[in-house]
Amino acid sequence: MDTSSTPLLDRTGTGAPCPGRLIAGCLLILLLLLGLTASPPSKATYHSLFLSLGDNATAARHLLALTRSPHVAGTPANADAASYVLSALSAASFPAHVASYDVLLSYPVLRSLALSPSPPPSSAPATAFRLVQEIYPGVPYADAAAEALPAFHAYARSGSAAGPAVYANYGRVEDFANLRAMGVNVTGAVVLARYGKIYRGEIVRNAAAAGAAAAVVYTDPKDYSGDRWFPDGPGMPPSGVQAGSTYQGIGDPTTPGWPSSAGCERLSAAEVSTSGMTPGIPSLPVSARDGEAIQRSIGGQAAPHDWQGGEGAPVYRLGPGPGFLNLTYIGNETLATIENVCALIEGEDEPDRYVILGNHRDAWAFGAVDPNSGTAALLEIAQRLGKLRKRGWRPRRTIVFCNWDAEEYGLIGSTEWVEENKEMLASRAIAYLNVDCAAGGPGFHASTTPQLDDIIKQATKKVQDPDNFSQMVYDSWVNSNDSKLIGRLGGRGTDFAAFIQHVGVPSVDLFFGGEYPVYHSLYDDFVWMQKFGDPLFQRHVAVASIWGLVALRLADDEFLPFNYISYALELQGSTKILEDEVLGMPVTFTPLYRSIEELEKAATNIDKEKKALELEVRSVGCRKDALKVRELNDRLMMAERAFTDREGLFHREWYKHLIYGPSLHNYGSNSFPGIDDAMQKAKSLNTSDSWRFVQHEVWRAARVVTQASLVLNGKFT
């Protein structure tokens, strides 16, 4: 289908860039062509040209093609989407290939949920929920929508359970603790919890730990519907359901820690089941409509004020019962083939140094925001770089495009690829740059490892704000209400995890819009995007411009634009936060402070060394000092690796990074996760051994920071 004739492009005019951008682009192209007759254009000239080549119609066309059908990992529809990505990358004249893996995926076979107004042996009739997401009027994808898998929890425990309903708010550890404090017995109950705050797999795990027989997780209108629901507004419709995985691990469940290549060693299904990485009780996701029906059946004391719903909602009560739930879920766990699509632009001077751009492709349904807005942006970057190549540009270092599969199940495609290529990445990767939800609404967001903060800020100063062309993205970003401008990559969020947390590759995650109401539902489709997510596809263009410009700087700059001084300053602040939590306890953070001081000195020294070498190179020529430049860049590249420890986090050995990783007690991004975990346990146990373990974790963190200093210094002790 020719998308130039679609209602979107006719109505919004996305095929026509703004006049100022068009004129600037034409002038840049003219200057570049004139320059070709004299001397080769500078890298900066090509970077400016890259920014001028943004095309919202191209981004729209890619997104429409990628969201024609629901495309869950391991299905023929997702294989078709992989073929599209492969073709688009190949059309940009980049060598592209598919890296396949056979991994354990999960699909629904049977789902049922019934509500009785009172427990057995009551003869009151039960209400059986339909568990169907309704197709909205006028949907252009009705036939495709009917092919979508029913909403389910991947890797949920198969089985049946019945019990009185108990309301558990967001299903956090503290929520179940509050239930106990209020005298509410969860043992044998079917827990009703609402989405938000924490990962759904944690909700189910916490319910099981509290003694629940099963869990039902619903979409509360207070958090997801807003004033109007789709298609009239952006909110989740009453029948909308958020699907998703409940797997606690990362990568293929049958190959924990090694690649899922052909003929490899695998855990058995029984071993996976007993690993603790999959839920111990059955669970189902349900809609706001079904969740409210269950809420109305629950009696007992009223829930606390902050547990209540929005305006017009019934009074939320805790239970147990008298509403009685009967839940059945039967799943099929099977080995299925997934396909990562990879392409590269080989570097001219340093082909063995890699700047990697990544995004996943698989979705629970159509996936217009998550993840295919990011895929569309990735392909738009590839098209722009293809045009630069035709005009003579060659990157100094190699640029790699990676389109991952099976991210939704547990970051599987990226993790298997990283595990297979771990040694190459550890010695050669400059950075990993990720975008999933390129455009889910207004507002730019970034999370990075600290040495990349400056380059992100610099890139946003060169890209127009897609919602206000009178300013740059940086201007609106710094004036936003974000308490912390740049986040950190401590959580498992998406495909950056294997790069930073397992190997220690500096990483970035970028997006416009943040949380959006129709997340992981049938309604995250092209129509929602053109109405609410990015009507003019300018946000797609903007994120592609920032993403691509950061990649170009990392690939083309003679000296890597890394700043470890800010890294050291941030670690000082993070250490102070931890120290304040345990004042008066038998723990000293002096070893960590001392190592951070050394890191700051090493960072200052290499920064001075880099500036001196830049002057030297400009005066005597690059070729004479190429080895010096290479050696200094390698120290900047490898310093992040030094923050990893081969033993990993305690009882979570796969996570090697001791500065940024997921904490068992902090659901978002966290600094020094090993120390944080040990502190929380010590607060609970308050034994001398538990506090000694906190001190041990402080020493471990201090040792990796010291190693990073040694790498930056580049000299033996």
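Visitor: What makes the crossing of α23 past α25 left-handed or right-handed?
Guide: In this predicted model, α23 passes α25 in a left-handed crossing. A crossing is left-handed if the near helix is turned anticlockwise from the far one by less than a right angle, and right-handed if clockwise. Residues are numbered from 1 along each chain as its sequence is written, local features need pLDDT of at least 70, side-chain atom pairs count only at pLDDT 80 or more, totals for chains, interfaces and linings use all residues, and side-chain values use heavy atoms, without hydrogens and water.

Visitor: At what angle do helix α23 and helix α25 cross?
Guide: The axes of helix α23 (residues 626-638) and helix α25 (residues 688-713) cross at roughly 165° and come within 8 Å. That makes α23 roughly antiparallel to α25, because angles over 145 degrees count as roughly antiparallel, under 35 as roughly parallel, 65 to 115 as roughly perpendicular and the rest as oblique.

Visitor: Why is α5 called roughly parallel to α12?
Guide: Helix α5 (residues 76-91) and helix α12 (residues 372-390) pack at an angle of about 20°, with their axes 9 Å apart. The angle is under 35 degrees, so α5 is roughly parallel to α12.

Visitor: Why does R353 count as buried?
Guide: Its relative accessibility is 7%, and buried means under 20% relative accessible area, exposed over 50%, partly exposed in between (1.4 Å probe, protein chains only). D352 has 21%, so D352 counts as partly exposed.

Visitor: How do you know that R353 and D352 meet in a salt bridge?
Guide: Their side chains lie 3.5 Å apart, N to O; the rule asks for a side-chain nitrogen of Lys or Arg within 4 Å of a carboxyl oxygen of Asp or Glu.

Terms used:
Axes are lines fitted to C-alpha atoms, for helices over the stretch in contact, and angles run from 0 to 180 degrees between N-to-C directions. Helices (H or I, at least four residues) and strands (E, at least two) are DSSP runs, numbered from the N terminus.
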